[in-house]
Amino acid sequence: MTEPTPATAPLSNWAYLRYRANRDVGAALVWFKAHWRESRLFRIGASAVGAFLVLWIAVFVWLASDLPEAEALLTYETPLPTVVRGYDGEIVHSYARERRVQLQYADFPQQLIEAYLSAEDKTFFSHGGIDFFGTAGAVIDYLNPARTGRAVGGSTITQQVAKNLLLGDEYSVTRKLKEMILAGRIEQVLSKQEILELYLNEIPLGRRSFGVQAASRAYFDKDVDDLELHEAAFLAILPKAPERYGRKGQEQAALERRNFVLDQMEANGFISGSERRAAAAKPLGLVTQRRERSVDAGYFLEEVRRELIERFGETAEEGANSVYAGGLWVRTSLDPQMQLAARDALRDGLLRYHGGRAWSGPIATIDVSEGNWAGQLASSPLGISYRNWRVGVVTRRSGSSARIGFSDGNEAPLYGLPDRLKAGDVIAASPSGNGWQVRTLPEAQGALVVESAQSGRVLAMQGGFDHRLSDFNRATQAKRQPGSTIKPFVYAAGLDSGMTPSTQIDNNRFCYYQGANLGEKCIRGGPGSGGQHPMRYGLEQSQNIMTVQIGMTAGMPNVVREIDKLGIGKFPAYPSTALGAGETTLLKMVGAYSALANHGRLNPSTLIDYVQDRRGKVLWRADNRECRGCNMAKWDGKPMPRFGVRGTQAMDPRTAFQVMHMLRGAVSRGTATVLNPLGLPLFGKTGTTTGPKDVWFIGGTQQYVAGAYVGFDQPRNMGGYAYGGTIAAPIIKSLIEKTRKKWSDLPPVAPQGVRMVRVDRRSGKRVFDGWPTDDPKSAIIWEAFKPDTEPERYTRQDEIAARRNEILALIRAGRQNAESAVVDTTEETDGVIEEQVGGND
């Protein structure tokens, strides 16, 4: 049987195609061989074409061998800044070295997309990644000998994505070829919408902005969906020259280019002629200064930034969730209203203390002889946000006249010249007539912290006068002696050892043997304060002798253990510790006082509530309590599941309440009476260290606790008139006045096991025939006792004895009025340090 031939049998489609290919290829080979033998010119041309093809294949293999994978774009993460929110969820700041905001394709307005297509790549949705006509034009321009600078474009949007995300901005022919190869690969991996989304999010557009949303905020202070037609067209011109068209002096060039884009949009059918003419008639409308979405909370935010960097890293190389590339969403406990009130209260307090003192000197100095002072000033981090003050540099000083210059290059006359002022001094100044007036910054510094007593969440933190002048955070980094603010924890140790608020403590003198070299050291009570007094009196009036007596009776090891448990620090078990001779930070002290208000439960002081990644997944949270049963599919009929109690029980809750209750007397009639007019159930304690070198106040309610201190960064004497009650407590008063609606008037709630008993305030004895009144000087008060520790009944004989003791104390004071109860304040660590004679603070 014979095989079917093409002439005798029908062929299948595949067989027919194979037959035609063999026939045509065979014919072509016959033709090629014939011309190769017969024509020398044909042989030369064929050899050249073959060599070109071999060379092209070799170049393609060489270029494509080390190209990045286009598939990497499938998992590409745009480097995004970290966004910080306050306690209410509102944005308060962002950590960014570049302006970047990521949007989805659906978020881009259609008119903005059309503007970019008209300006950059009108055939984007029809080509396969390369515009061959545009590329040919770019090659011709590149070869043009008359060209100056870079050749014209020719890159499609896909090629620009390849350049920006995978190749870099190297200017060469090989980069262009690689760009084309990658563009083809990208078109196979991503859809047109995905490519355009990457492009519009990543394109550099000047003013440190990447992507159209960031550029829209930078140039117009608007979101993209609020842009008008002429504004969208302006953004579309920026890829050609991102650092040019937004500059001063380039307005005409920008208008011409913008109007060209509008013409192209009309030609492409995206807009009508009337729309084009209306948009072309409008000015550029660029903003020179955008509204910053940031609260003036530099110290707080810098503390948050440090914590985030420590936990997640700073740059993309250090982790996918880094601070400057990971796109984190950070919820903090910052209360903007409380923060601004804290800032203003501390500043006002520092300026009050500085008073009419002389000019404190320049902030810094720069060299103005070279004439580039404006650039030096602009590149420095120095600034100030206080009223209408500005930071400038003295550019010239001649006798009683001088001029000041600012970072924008402007100069003006300067008045109120201190004798020490000279050219090159960087100073603070405020407007005055046709010039500027020299302003004096306070030399003393300080800090203020506000914390939620029940959770430990820090609501406000001001670590100095202005973080632009000094980023040293005195709330967390400055270690200072706490002075009398440590006393409540000495009294807590006394209460735990069996004492009560009514226990009588001797306030005449205390002697302590300090060793063979130092011998015995004695301190005496101030005039009128000697004799026996209830424990409450010692805390309200900040009596040093009574405090040391309590500490020694309770045992100093127990005292320092109490201090350590509350997170204040590890202090030595010396009598001086009872008077605040150790060192700690303001934040730690505020945390310890919060434990007093929180029935002895200590919560870590936190600034960050939780951290989410760019997709909303929670990476870390401060409150890591479990809630068992919270996610059950169906209610089981049992009581509602609840979170467990926060914090650790660092102190007996009854002891904590007793101390807090006694500290309310310090506000009512003790060393912090400046706060009494506020009418709040405040507790607190003042402190004034040896010198005095630091003045303190810490206190608040069961809701909020606030603390402040003032002192020089290099500790030195603040003056004999400096007390915690006159300098620090008024700062807290100002804070509360500015945020009064946030503070509750409700009285504190006592824990179980506390009995409120009426006692005589002077003797501590129990009374039955009278009631406490609202008068701070009332003889009868409510006192807090643990069960079975209530004092005996107060009698008439007790009243006579108390009066006799008062008269005897006055007689002794008259005899000793020339004596001084000065205490040795040498560097000996085991000496008794008394911060105020008689314990006035």
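Biologist: Where does the charged end of Arg100 sit?

Modeller: Over the ring of Phe210, 4.1 Å from the ring's centre. Keep in mind that this is a predicted model. There's also Arg347, whose charged end sits over the ring of Phe465, with 5.3 Å to the centre.

Biologist: OK, on to rings with rings. How many aromatic pairs are there in the whole structure?

Modeller: The search turns up 13 aromatic pairs. Take Tyr116 and Tyr199: the ring centres are 6.1 Å apart and the planes are at 80 degrees, so that pair is edge-to-face.

Biologist: Which helices do Tyr116 and Tyr199 come from?

Modeller: Tyr116 is in helix H3 (residues 110-120) and Tyr199 is in helix H7 (residues 192-202). They are 83 residues apart, so the pair links distant parts of the chain.

Biologist: And are Tyr116 and Tyr199 buried or exposed?

Modeller: Both are buried. Another pair is Phe220 with Phe234, where the centres are 5.7 Å apart and the planes are at 85 degrees, so this one is edge-to-face. Phe220 belongs to helix H8 (residues 212-220) and Phe234 to helix H9 (residues 229-237), 14 residues apart. Both of these Phe residues are buried.

Biologist: Which residues do ring pairs link into a cluster with Phe220 and Phe234?

Modeller: Tyr219 joins Phe220 and Phe234 there.

Biologist: Switching topic: how many disulfides does the count come to?

Modeller: The count is 1 disulfide. Cys627 and Cys630 form it, with their sulfur atoms 1.6 Å apart.

Biologist: Is Cys627 buried or exposed?

Modeller: Buried, with a relative accessible area of 18%. Cys630 comes out at 37%, so it counts as partly exposed.

Biologist: Last thing, helix H20. How far apart are its end C-alpha atoms?

Modeller: They are 23 Å apart. H20 has 16 residues (653-668) and should span 22 Å at 1.5 Å a residue, so the two agree.

Biologist: What caps the N-terminal end of H20?

Modeller: Asp652 does, with a side-chain oxygen 2.8 Å from the backbone nitrogen of Arg654.

Biologist: How many residues of H20 are buried?

Modeller: 12 of the 16, so the helix is largely enclosed by the rest of the structure. Among the buried ones are Phe657, His661, Met662 and Val667.

Biologist: What covers the buried residues of H20?

Modeller: The cover includes helices H15 (487-496), H16 (535-540) and H19 (586-597). Strands E22 (683-688), E25 (755-760) and E26 (780-785) are part of the cover too.

Technical notes
Residues numbered from 1 in each chain as written. Predicted model: local features only at pLDDT ≥ 70, side-chain atom pairs only at ≥ 80, totals over all residues. Heavy atoms only, no water. Helix = DSSP H or I, 4+ residues; strand = E, 2+ residues; numbered from the N terminus. Expected span 1.5 Å × (residues − 1). Buried < 20%, exposed > 50% of the residue type's maximum accessible area, 1.4 Å probe, protein only. Contact = heavy atoms within 4.5 Å. Polar contact = N/O pair within 3.5 Å; in protein donor to acceptor, adjacent residues only side chain to side chain. Disulfide = S-S within 2.5 Å. Phe/Tyr/Trp six-rings, centres within 6.5 Å; stacked < 30°, edge-to-face > 60°. Lys NZ or Arg CZ within 6 Å of the ring centre and 35° of its normal.
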